[in-house]
Amino acid sequence: MRAKQTILLALFALSFTSSAQKITVDKISENRSTDDGYFSNRCEIDLKLTGDEVRKYKSVKIGKITKAVDQQGLDLIDPEFSGSYEDISNTAAIAKLKTKVASRKASVIKELAGEIKMYNPSESNGGVLKIKDFSKKANTNLTPALIDTKVIYITKESYEKIKKDKETRRDAEIQKLPKEAKEVALLLTDLVDAFAYVDFSGKEAVFIVEGDKSKLVDMYFENAAGKRLDGNGSMISGDVHVYYFNETIKPTFKMVLQIESPTSVKTIPFKLTNIDLP
């Protein structure tokens, strides 16, 4: 059996320049083994972005990988990989990605191509959406401005109402509601069983987030003075999102969504070739 290899290599020679940004391979961590375990076979690559343009943004991530092949022609794209935003420090940014491991005879990644996203959200560019009085708007869609995404706040009382509506099968009444209200009502009754494990102590904010979540970057909460609340953990199970706090939810709390809007994100294509593997 071939011994497991764990190799870490810093690379700076290979680069791709796109307008005001330079993209280089900063680091590769690769394991190749005959073992089938996750930690036995993986390839993690850090891409480094530098340039004055980078300083205009707060975070960076891999948007998508369109091509990743080794010198043997093996497709290295990992269908389970999904990039996440990393904070930008000073003038350098690191975007992390994972691929499948190369073939045992391969010594280079022949081509790696895709898109990197740089993100700088604000209320003015639509990247930050603040929702006041969300705790007073249970069982309604809080984000009608988002075409493909619904965010619905759930309380103990509204949950009991959903449960009762499902038990009494008020389908005829639901069908008479306006289109938006009907869609929300049907969604809530379909997901009623998902809330059976929620304690509803009053120190949590419970939501259904349904639809396209790919552009939803973060959700957090502020007090009346605009200070971000310290959380006590969170839990996400499917469409159900639960955020825990050390204090009871107050009517003055605001929910803040960070969203990938067209003007808060800059997408940069990249293509790197002949990347030496460790």
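Trainee: What does K130 count as at 31% relative accessibility?

Mentor: This is a predicted model, in which local features need pLDDT of at least 70 and side-chain atom pairs count only at pLDDT 80 or more, while totals for chains, interfaces and linings use all residues. Residues are numbered from 1 along each chain as its sequence is written, and side-chain values use heavy atoms, with hydrogens and water left out. Buried means under 20% relative accessible area, exposed over 50%, and partly exposed in between (1.4 Å probe, protein chains only). Because its relative accessibility is 31%, K130 counts as partly exposed.

Trainee: Which side chain meets that of K130 in a salt bridge?

Mentor: A salt bridge is a side-chain nitrogen of Lys or Arg within 4 Å of a carboxyl oxygen of Asp or Glu. For K130, the N to O distance is 3.3 Å. The pair links distant parts of the chain, 92 residues apart, with K130 in strand β9 (residues 128–131) and its partner in strand β12 (residues 216–222). That partner is E222.

Trainee: Is E222 buried or exposed?

Mentor: The relative accessibility of E222 is 6%. E222 therefore counts as buried.

Trainee: What is the order of the four strands in the open sheet?

Mentor: Strands are DSSP runs (E, at least two residues), numbered from the N terminus, and two strands pair if DSSP finds at least two bridges between them. In this sheet the pairing is antiparallel, and the order is β6-β5-β8-β16.

Trainee: Which are the edge strands?

Mentor: In the order β6-β5-β8-β16, an edge strand pairs on one side only. The edge strands are β6 (86–87) and β16 (265–276).

Trainee: Which residue of β8 does K61 stand opposite?

Mentor: Strands β5 (residues 59–70) and β8 (residues 108–119) pair in the antiparallel sense over ten bridges. K61 lies in strand β5, and the residue opposite K61 in β8 is K117.

Trainee: How many residues apart in sequence are the parts that K61 and E260 tie together?

Mentor: K61 forms a salt bridge with E260, the closest N and O atoms being 3.7 Å apart. K61 lies in strand β5 and E260 in the loop between β15 (254–259) and β16, so the parts tied together are separated in sequence by 199 residues.

Trainee: How many salt bridges does the structure hold?

Mentor: Among them is the pair of K250 and E247 (2.9 Å, N to O). Salt bridges that share partners also join K27, D46 and K96 into one network. The number of salt bridges in the structure is 14.
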